[in-house]
Amino acid sequence: MPLNKPKVVVLGAGYGGLMTVTRLVRKIGVNEAEITLVNKHNYHYETTWMHEASAGTLHHDRCRYPIKDVINQSRVRFVKDTVTKINKEENKVVLETGELSYDYLVVALGAIPETFGISGLREHAFPIANINTSRQLREHIEYQFATYNTEAEKRPERLTIVVGGAGFTGIEFLGELANRIPELCREYDIDRQKVNLICVEAAPSVLPGFDPELVDYAVNYLEGKGVEFKIGTAVKECTPDGIIVGKDDKTEEIKAGTVVWAAGVRGNPVIEESGFENMRGRVKVKPDLRVEGHDNIFVIGDCSLVINEENDRPFPPTAQISMQQGETCAKNIAALIHGKETEAFRFDNKGSVASLGEHDAIGVAFGKKMTGTKASMMKKIIDNRSLFLIGGPGLVLKKGKFKFF
Ligand code: FAD
Ligand code: NAD
């Protein structure tokens, strides 16, 4: 048994971090390393389900589980704390309440919403990011509905919800919200016609770059449920009263009681704070997921940037790639501990499916286009699969989605 076991510290218990620790314990012996996992909460949340929690179609407790339920606590020490900085030169991680030293570090701290410096977004718009933001957004929308009928002079903007960005997050949120609105209208005695759902997208199309036939399906479906799309229109400013948008040199104010910001992400600010070379908070990693010049640091998930050699562009940050990186990262740390060669990460893209509420979806999976119930079932299978990969069948039974029709 080595006297000084190498210290492996994994930052973040999201998709990438949990895949790393659950796979690493299978690949190294009990006495081969001391593994520590750090996360700011004692629970893992399904980031990929946050549109549902935010719209109020799925309770936030259904979207999270205790981290201790999925890690082998005799092999992995869990530290509930917030990382503030990585001191690369001294091999130390600075936490809100202390410090940790490491021999190998895995940074898997996820992303934050990208605001592109647009004025007022941080103060007045709601992101879809985690359990806290989801609870806040769901409650805010309900508050607007609850307040509308109490006012002598009813303000129509209370019932206007604007979503900035028609990428996957914006579209999935609108799908959920379109189903929730009729319920809210019934609960708060409000005529559905008084509610406005508006989506503002800067690009010339919804879901830019996605299959046009599937995009048309999503747009028709959501328009049928009362969503108004403003395409080729950019959010320029967010104010306490709504947003200012711009199209063809013209600006317009849209008054709205709720502004949701779903226009992309950037890597966790700890990356920039710690002086890593980065692009929008993402570190371009070497093929084996290590950082250039720091052979004991791996960066995975939304904090990392991996180039797709087919088009020379970065792969979009997804749970799918984060989990696969977690597996390769675990293999590579085990290889280093065993004095072996690391391997290059290869992304096996299984496709993308976007839900349009509980019973509809669009997507491409295993090279096949799908819409409707079939796509919606596939989405639930994907959600259940990620539970299975991290927590096995027990977690699928506890948290899985089984309402297929
Ligand atoms: P995360 O899974 O986000 O985990 C990061 C962890 O780090 C969290 O536990 C967080 O609490 C913790 N943390 C953050 N900061 C600190 C700190 N300073 N100190 C300590 N802990 C910290 N991708 C797909 O592939 N398929 C989908 O269907 C899909 N749907 C999505 C739906 C929505 C609404 C959103 C927002 C994203 C979706 N994505 C999807 C993208 C996917 O969620 C992310 O790419 C994925 O979560 C990234 O995984 P990660 O391990 O890098 O980070
Ligand atoms: P995104 O970058 O995919 O989409 C953001 C959208 O916002 C783009 O269409 C962009 O043109 C638009 N936008 C940017 N600035 C704007 C402005 N000022 N005004 C109006 N529109 C503006 O980001 P996302 O949807 O937040 O997704 C983040 C990541 O998570 C992506 O990699 C995505 O693939 C992934 N994700 C995947 C799924 C899924 O697979 N089902 C679901 C959600 C998110």
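Domain 1 (7-40 + 81-113 + 266-349) and domain 2 (121-263) both contribute residues to the shell around ligand 2, and ligand 2 therefore lies between them. The model discussed here is a predicted one, and the protein chain in it is divided into these two domains, domain 1 and domain 2. Taken over C-alpha atoms, the centres of domain 1 and domain 2 are separated by 35 Å.

**The site of ligand 2**

Ligand 2 is surrounded by 25 residues, and the closest of these are Thr169, Glu201, Val235, Pro317 and Val353. By class, this shell holds 16 nonpolar, six polar and three charged residues. Among the elements of secondary structure, α5, β13 (196-201), β15 (234-239) and β26 (351-355) each supply at least two residues of the shell around ligand 2, and the largest share, three residues, comes from α5.

Polar contacts to ligand 2 involve the protein backbone at several positions: an oxygen atom of the ligand lies 3.2 Å from a backbone N or O atom of phenylalanine 168, and an oxygen atom of ligand 2 is 3.0 Å from a polar backbone atom of threonine 169. At valine 353, a backbone N or O atom lies 2.8 Å from a nitrogen atom of ligand 2. On its own, ligand 2 has 850 Å² of accessible area, of which the protein covers 76%.

**The site of ligand 1**

Around ligand 1 there are 30 residues, with Gly16, Asn39, Val83, Asp302 and Lys379 coming nearest. The shell around ligand 1 divides into nine nonpolar, 16 polar and five charged residues. Domain 1 and domain 2 each provide at least three residues of the shell around ligand 1. The helices α1 (15-27), α5 (168-187) and α8 (319-337) each supply at least two residues of that shell, and α8 gives the most, with three residues.

A backbone N or O atom of glycine 16 lies 2.8 Å from an oxygen atom of ligand 1, while at lysine 40 a backbone N or O atom lies 3.1 Å from a nitrogen atom of the ligand. Threonine 47 takes part through its side chain, with a polar side-chain atom 3.3 Å from an oxygen atom of ligand 1. Taken alone, ligand 1 exposes 990 Å², and the protein buries 89% of that area.

| Residue | Ligand atom | Distance |
|---|---|---|
| glycine 16 | oxygen atom of ligand 1 | 2.8 Å |
| lysine 40 | nitrogen atom of ligand 1 | 3.1 Å |
| threonine 47 | oxygen atom of ligand 1 | 3.3 Å |
| phenylalanine 168 | oxygen atom of ligand 2 | 3.2 Å |
| threonine 169 | oxygen atom of ligand 2 | 3.0 Å |
| valine 353 | nitrogen atom of ligand 2 | 2.8 Å |

**The second largest pocket**

The second largest pocket has a volume of about 450 Å³. Its lining consists of 16 residues, and those that lie nearest the centre of the pocket are Val306, Ile307, Glu309, Phe345 and Arg346. By class, the lining of the second largest pocket divides into ten nonpolar residues, one polar residue and five charged residues.

How values were computed
Residues are numbered from 1 along each chain as its sequence is written. Chains are lettered from A and ligands numbered from 1 in the order in which they are written. This is a predicted model: local features need pLDDT of at least 70, side-chain atom pairs count only at pLDDT 80 or more; totals for chains, interfaces and linings use all residues. Side-chain values use heavy atoms; hydrogens and water are left out. A residue is near a molecule or strand if one of its heavy atoms lies within 4 Å of it. A polar contact is a pair of N or O atoms within 3.5 Å; within protein, one must be able to donate a hydrogen and the other to accept it, and residues adjacent in sequence count only if both atoms are side-chain atoms. Accessible areas come from the Shrake-Rupley method with a 1.4 Å probe; for residues, only the protein chains shown count as cover. Helices (H or I, at least four residues) and strands (E, at least two) are DSSP runs, numbered from the N terminus. Ala, Val, Leu, Ile, Met, Phe, Trp, Tyr, Cys and Pro count as nonpolar, Asp, Glu, Lys and Arg as charged, and the others, Gly among them, as polar. Domain bounds come from an automatic or database domain assignment. On a 1 Å grid over the protein atoms alone, a cavity is a set of points where a 1.4 Å probe fits but cannot get out, and a pocket is an open set with protein on both sides within 12 Å along at least five of seven lines; lining residues have an atom within 4 Å of a point. Grid points are joined across faces, edges and corners, and a volume is the space filled by probe spheres set on the points.
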